[in-house]
Amino acid sequence: MSAQVRDCDICIVGNGAVGKAAALGFAQAGLRVSLLCAPGSGVPAIVPGSAPGSVPGSASASADWDVRVYALNHVAHDLLSSLKVWDALDQARVAPVSAMQVQGGGVDAGKLGFDAYGAHVNELAWIVEDKNLNQSLDTALRFAQNLTLVQGRAQALEVGADAAQVVLDDGSSIRASLVVGADGAQSWVRGACDIGLDYRSYDQHGVVTNFECAKPHHGVAHQWFVQDQGIIALLPLPGNRVSLVWSAPDALAETLLREPLSALVERLMPYCGEVLGPLQPVLPEAIKAFPLRLMRPHSMIAPRVALVGDAAHAVHPLAGHGMNLGFADVVDLLKVIKEKEAHRDCGDARLLGRYQRARKEEVMLMLATTDGLARLFASDLTPLRTIRDLGLNLLDRLPVIKNKLIAHAMGK
């Protein structure tokens, strides 16, 4: 008996938020999509036309606040809105960002402020929990037409002139015109295509947890560049809550994870005490950490393959744009495929070339900017500290340049 072969237009490997958004986008465009997820990944069974109902474990069913959050920009917002996902989010758990304050860690350090009013928008960004985002995407997947969920592990990628075939561990395979690698920083698809990679660890971990603050945050995100201690960011959550993202050197990160959260509060108070007041850990207490690294694949494409999200790039989180870059990848790939000539299939080499060209400038700019800032603010050289503080203060007084930076950050 021959092994099963599933035919589709596009096979997406990976079940993170970027992969799910890509699957929904292509399916809603009328293409036949297979979404390959690892067994037990938690994505709900897709039953087109089944009766609506609440998703078990949905965000509104739990009072716990996820410590992993994303600052989604206008590109991400518009994509999720077009996929009918944004309105499905638990809006009571989404916090708009109305302003951002950036400063060094010292009393006389440089300062830089951004606000929505100056950018002529209602919000600069939105803070969304990982759980809230993924559960809304999962709900949309359950009702999507043209979309098949396949649970299994990829074992081999075979690329031919007319199609690519992903062979699974049970002997079955998925044959598609295009394979989209949305399988994260350790991408199996990228490895199977033998795409080279520039990699550098920042020797830092992103330490994340949530706090209640005594004073209202007014939708303002705060970020401090602290000498020898990395970058501290406090992002607004609904109510009087904030989410901490501390890009801390590895040794400090280990200490932060080992200490009680009350000790972490004491470390934060010199920076945020005046604006946010005393902090209290959000119950139940939780703290996590993830390694920070720069990853730059030598290509975002290969024959009949396109990479998106962390499979295509990994940047320092100081600007909060990792997820936004991934969603922008999806936007540009969708556009290229939707506008393709009738005689080309989804994996045509010319189409993939258009996708790579469309993404090159933004990705390279974000990689260079975040890497350069991370290096600059990690330096302990007094001349560099002086220059960067002067630079922040000068930029704060140049509204034309500052507004261009805001527009770029929002994806406009």
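Reply: Let's start with one definition: a residue is buried if its relative accessible area is under 20%, exposed if over 50%, and partly exposed in between (1.4 Å probe, protein chains only). By that rule, 52% of the 412 residues of this chain count as buried. The model is predicted, so local features need pLDDT of at least 70 and side-chain atom pairs count only at pLDDT 80 or more, while totals for chains, interfaces and linings use all residues. Residues are numbered from 1 along each chain as its sequence is written, and side-chain values use heavy atoms, with hydrogens and water left out.

Me: How many helices and strands does the chain come to?

Reply: Helices (H or I, at least four residues) and strands (E, at least two) are DSSP runs, numbered from the N terminus. Here they come to eleven helices and 19 strands.

Me: Now for helix packing. At what angle do α1 and α4 pack?

Reply: Axes are lines fitted to C-alpha atoms, for helices over the stretch in contact, and angles run from 0 to 180 degrees between N-to-C directions. Helix α1 (residues 17-28) meets helix α4 (residues 130-142) at about 30°, and their axes are 10 Å apart. This makes α1 roughly parallel to α4 (under 35 degrees; over 145 would be roughly antiparallel, 65 to 115 roughly perpendicular, the rest oblique). The crossing of α1 past α4 is left-handed, meaning that the near helix is turned anticlockwise from the far one by less than a right angle.

Me: Which residues make the contact?

Reply: From α1 come A17, K20, A21, A23 and L24, and from α4 come L133, N134, L137, D138, A140 and L141. By class, that gives eight nonpolar, one polar and two charged residues (Ala, Val, Leu, Ile, Met, Phe, Trp, Tyr, Cys and Pro are nonpolar, Asp, Glu, Lys and Arg charged, the others, Gly among them, polar).

Me: How is a pair of aromatic rings described?

Reply: By the distance of the centres and the angle of the planes. Rings of Phe, Tyr and Trp (its six-membered ring) pair if their centres lie within 6.5 Å; planes under 30 degrees apart are stacked, over 60 edge-to-face, the rest tilted. The count by this rule is two aromatic pairs. In one, the rings of W86 and W126 have centres 5.5 Å apart and planes at 75°, so the pair is edge-to-face. W86 sits in the loop between α2 (74-82) and β4 (95-97) and W126 in strand β7 (residues 125-129), so the pair ties together parts 40 residues apart in sequence. W86, at 6% relative accessibility, counts as buried, and so does W126, at 9%.

Me: And how are the rings of W224 and Y271 arranged?

Reply: Their centres are 6.3 Å apart and their planes at 45°, so this pair is tilted. W224 in strand β13 (residues 220-226) and Y271 in helix α7 (residues 261-276) are 47 residues apart, which links distant parts of the chain. W224 is buried at 2% relative accessibility, and Y271 is buried at 18%.

Me: Where in the backbone is a peptide bond cis?

Reply: From L283 to P284, with omega near -5°. P284 belongs to the loop between β16 (279-281) and β17 (288-297).

Me: What is the phi of K84?

Reply: It is positive, about 65°, although K84 is not a glycine. K84 lies in the loop between α2 and β4 and counts as exposed at 64% relative accessibility. D203, in strand β12 (residues 197-213), also has a positive phi, near 55°.

Key: Contact means heavy atoms within 4.5 Å.
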